[in-house]
Amino acid sequence: MSRLDVFIDRMVSQRACLDFAIAETAALPGPVFELGLGNGRTYHHLREKVAGRDIYVFERAIASHPDSTPDEAFAILGDVMATLPQTLARFGPTASLIHADLGGHNLAKNDAFARKVSPLIEPLLAKGGLMVSSDRMYFDALEDRPLPPGAVPGRCFIYRK
Ligand code: SAM
């Protein structure tokens, strides 16, 4: 499988999982958290598709496309290892949807980081909330959800509280 194939599978899976998760959580009022803004493509997708919910973005430093840059009030800047605990103190367990795309090209490093960050993400979700991730996560009490049609196994993961 070429790197292009892997990249396309990842993009197609991200869109399928996000669309599914947005629809599944539409009745929940809590905020949406986007972990890892990057270029802002998935943030832009969320902004286009999510109605009636605030979307907060977590990023070390904003470097996104100008069309895909959140207002200052919705950007939570810094390392997520520090900002996620602060966010739990601020919002409690209210997030309706959390999307994490924090990884780079080093799969072992991504997996090690997923193990570290999972316990900080888990308590943020509201009951019935969904977590969509590009990496396998390590949660104690969240349920692994089957992927929607169009998503490629291993390229995207969905968990429910
Ligand atoms: N989903 C984005 C898109 O569609 O454009 C791409 C996200 S990119 C793969 C990952 C982003 O996560 C990078 O911009 C990086 O700065 C951010 N990131 C990685 N680790 C982080 C951390 N510990 N704290 C905050 N941001 C982090």
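Student: Start with strand 1. Which of its residues are buried, and on which side?
Tutor: Strand 1 is covered on both faces, with Val-32 and Glu-34 buried on one side and Phe-33 and Leu-35 buried on the other. Buried means that 20 or more other C-beta atoms lie within 10 Å of the residue's own, exposed means 12 or fewer, and partly exposed is in between, with C-beta atoms placed from the backbone. Strands (E, at least two residues) and helices (H or I, at least four) are DSSP runs, numbered from the N terminus. In a regular strand the side chains alternate between the two faces of the sheet.

Student: Before I go on, what sort of model is this, and how are residues numbered?
Tutor: This is a predicted model: local features need pLDDT of at least 70, side-chain atom pairs count only at pLDDT 80 or more, and totals for chains, interfaces and linings use all residues. Residues are numbered from 1 along each chain as its sequence is written.

Student: OK. What is the strand order in the sheet?
Tutor: The order is 3-2-1-4-5-7-6, in an open sheet of seven strands with mixed pairing. Strand 3 (75-77) and strand 6 (143-145) are at the edges with a single partner strand each, so one side of each has no neighbour in the sheet. The twist averages 20 degrees from one strand to the next. Two strands pair if DSSP finds at least two bridges between them.

Student: What does Ile-98 touch?
Tutor: Leaving aside neighbours within four places in sequence, Ile-98 is in contact with Phe-33, Leu-35, Ile-121, Leu-124, Leu-125 and Met-131. Contact here means that the C-beta atoms of two residues, placed from the backbone, lie within 7 Å.

Student: Now helices. How long is helix 1, end to end?
Tutor: Helix 1 (residues 3-24) has 22 residues and reaches 31 Å from its first C-alpha to its last, close to the 32 Å expected. The expected span is 1.5 Å times one less than the number of residues.

Student: Which residues of helix 1 are buried, and what covers them?
Tutor: The buried ones are Ser-13, Gln-14, Ala-16, Cys-17, Leu-18, Phe-20, Ala-21 and Ile-22. Their cover includes helix 2, strand 4, strand 5 and strand 7 (157-160). An α-helix has 3.6 residues a turn, so residues three or four places apart point the same way.

Student: What about Arg-3, buried or exposed?
Tutor: Arg-3 is exposed, because 8 other C-beta atoms lie within 10 Å. Arg-3 is in helix 1, and its C-alpha is 38 Å from that of Pro-93, 90 residues apart along the chain.

Student: Last topic, the ligand. Which residues are closest to the ligand?
Tutor: The closest of the 15 residues around the ligand are Gly-36, Gly-38, Asn-39, Arg-41 and Asp-101. A residue counts as near if its C-beta atom, placed from the backbone, lies within 6 Å of the molecule.

Student: Which elements supply at least two residues of that shell?
Tutor: Helix 2, strand 2 and helix 3 (80-91) each do.

Note on methods. Axes fitted to C-alpha atoms, helices over the stretch in contact; angles between N-to-C directions.
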